Amino acid sequence: MKNMLKDTAILLIITLISGAILGFVYELTKEPIALQEEKAKQEAYKEVFTDAESFEAMTDLDEAAMTAVAAEGGYTQTSVNEVAKAVDGSGSVLGYVITVTSHAGYGGDIKFSMGVRSDGTLNGISILSISETAGLGMRAEEVLKPQFAEKQVVQFSVTKTGAASDDQIDAISGATITSNAVTNAVNAGLYYYQNELEGGVQ
């Protein structure tokens, strides 16, 4: 009985010390991680809106409400995370950067930012996080991403036979799930723009 109490006390002390160390490490790394994430986000914004001088986060928009709008359009596997205004040097709004997350990827969530000009033109997308299969879905950066640049369409569709028009996206060979996940998430972002942002925020 004495040995059992001793062992329990030792385990309790180890647990308390481990918890304290983990808490300390979390506090120590929390700010650098947040700064790194913010830097990556700003770089993504700049990539999809190279002519913008600054970006103004629309903090009054609620992620759940934005995602609900996308769901109304049939995009139930995409979250609309945040929106920022892309502003030029004179303070004029050039368009919006919309950050979305697809929950339909083969290897998990795929998160990216997309730049949409005030006339509805999609400047392109910048992938923030992706964990698809190496050599297949992970080729989204080189295969899918360029296909979305400078396109003015209502929505995109995926094809396996080569894109014949601006609204078609040629799928990654062997990675149709990834291709559909990214394309549907882009469509969700466009749908949100068309229904909530087009013509300026009311």
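Q: Hi! I'm new to this one. Is Tyr193 buried or exposed?
A: Welcome! Tyr193 is buried, with a relative accessible area of 1%. One thing to keep in mind as we go: this is a predicted model.

Q: Got it. How many aromatic pairs are there?
A: A search of the whole structure turns up four aromatic pairs. One of them is formed by Tyr96 and Tyr193; the pair is tilted, with 6.3 Å centre to centre and 55 degrees between the planes.

Q: Where do Tyr96 and Tyr193 lie?
A: Tyr96 is in strand E3 (residues 93–102) and Tyr193 is in helix H4 (residues 176–197), so the pair ties together parts that are 97 residues apart in sequence. Tyr96 counts as buried too, at 5% relative accessibility.

Q: Let's talk about the inside. What's in the largest nonpolar core?
A: That core has 35 residues, and those with the most contacts inside it are Ile98, Phe112, Met114, Phe148 and Val186. At least two core residues come from each of these: helix H2 (63–72), strand E2 (78–87), E3, E4, strand E5 (122–129), helix H3 (140–143) and H4.

Q: Which of them supplies the largest share of the core?
A: H4 does, with nine residues.

Q: And what does Val186 touch?
A: Leaving out residues up to four places away in sequence, Val186 touches Phe112, Met114, Leu122, Ile125, Phe148 and Phe156. There is also another core, lying apart from the largest one; this other core has nine residues, among them Tyr45, Val48, Ala52 and Ala86.

Q: Okay, new topic: where is Ser113?
A: Ser113 sits in strand E4 (residues 110–117). At 0% relative accessibility, Ser113 counts as buried.

Q: Which side chain does Ser113 join in a polar contact?
A: The side chain of Thr99, in a polar contact of 2.9 Å. If you set aside residues up to four places away in sequence, the residues that Ser113 touches include Ala44, Tyr45, Val48, Ile98, Thr99 and Leu128.

Q: What caps the N-terminal end of H2?
A: Asp62 does: one of its side-chain oxygens lies 3.3 Å from the backbone nitrogen of Ala64. Just after H2, Gly74 takes a positive phi of about 95 degrees.

Q: Which residue has a positive phi although it is not a glycine?
A: Glu150, with a phi of about 55 degrees. For context, most residues other than glycine have a negative phi. Glu150 is in the loop between H3 and strand E6 (157–159), and at 55% relative accessibility it counts as exposed.

Q: Nice. Now the charged ones: how many salt bridges does the structure hold?
A: Five. In one of them, the side chains of Glu82 and Lys41 meet at 3.5 Å, N to O. Glu82 is in strand E2 and Lys41 in helix H1 (residues 2–48), so this pair ties together parts that are 41 residues apart in sequence. Glu82 is partly exposed, with a relative accessible area of 26%.

Q: What about Glu47, which residue does it form a salt bridge with?
A: Lys145, and the closest N and O atoms are 2.4 Å apart. Glu47 lies in helix H1 and Lys145 in the loop between H3 and E6, so the pair ties together parts that are 98 residues apart in sequence. Glu47 counts as partly exposed at 39% relative accessibility, whereas Lys145 counts as buried at 15%. Glu47, Glu141 and Lys145 are linked in a network of salt bridges.

Q: One last one: where do Arg117 and Asp51 sit?
A: Arg117 is in strand E4 and Asp51 is in the loop between H1 and strand E1 (54–57), 66 residues apart. Their side chains meet in a salt bridge of 2.7 Å, N to O. Arg117 is partly exposed, with a relative accessible area of 21%, and Asp51 is partly exposed as well, at 40%.

Methods:
Residues are numbered from 1 along each chain as its sequence is written. This is a predicted model: local features need pLDDT of at least 70, side-chain atom pairs count only at pLDDT 80 or more; totals for chains, interfaces and linings use all residues. Side-chain values use heavy atoms; hydrogens and water are left out. Rings of Phe, Tyr and Trp (its six-membered ring) pair if their centres lie within 6.5 Å; planes under 30 degrees apart count as stacked, over 60 as edge-to-face and the rest as tilted. Helices (H or I, at least four residues) and strands (E, at least two) are DSSP runs, numbered from the N terminus. Buried means under 20% relative accessible area, exposed over 50%, partly exposed in between (1.4 Å probe, protein chains only). A polar contact is a pair of N or O atoms within 3.5 Å; within protein, one must be able to donate a hydrogen and the other to accept it, and residues adjacent in sequence count only if both atoms are side-chain atoms. Contact means heavy atoms within 4.5 Å. A nonpolar core is a set of buried Ala, Val, Leu, Ile, Met, Phe, Trp, Tyr and Cys residues joined through side-chain atoms within 4.5 Å. A salt bridge is a side-chain nitrogen of Lys or Arg within 4 Å of a carboxyl oxygen of Asp or Glu.
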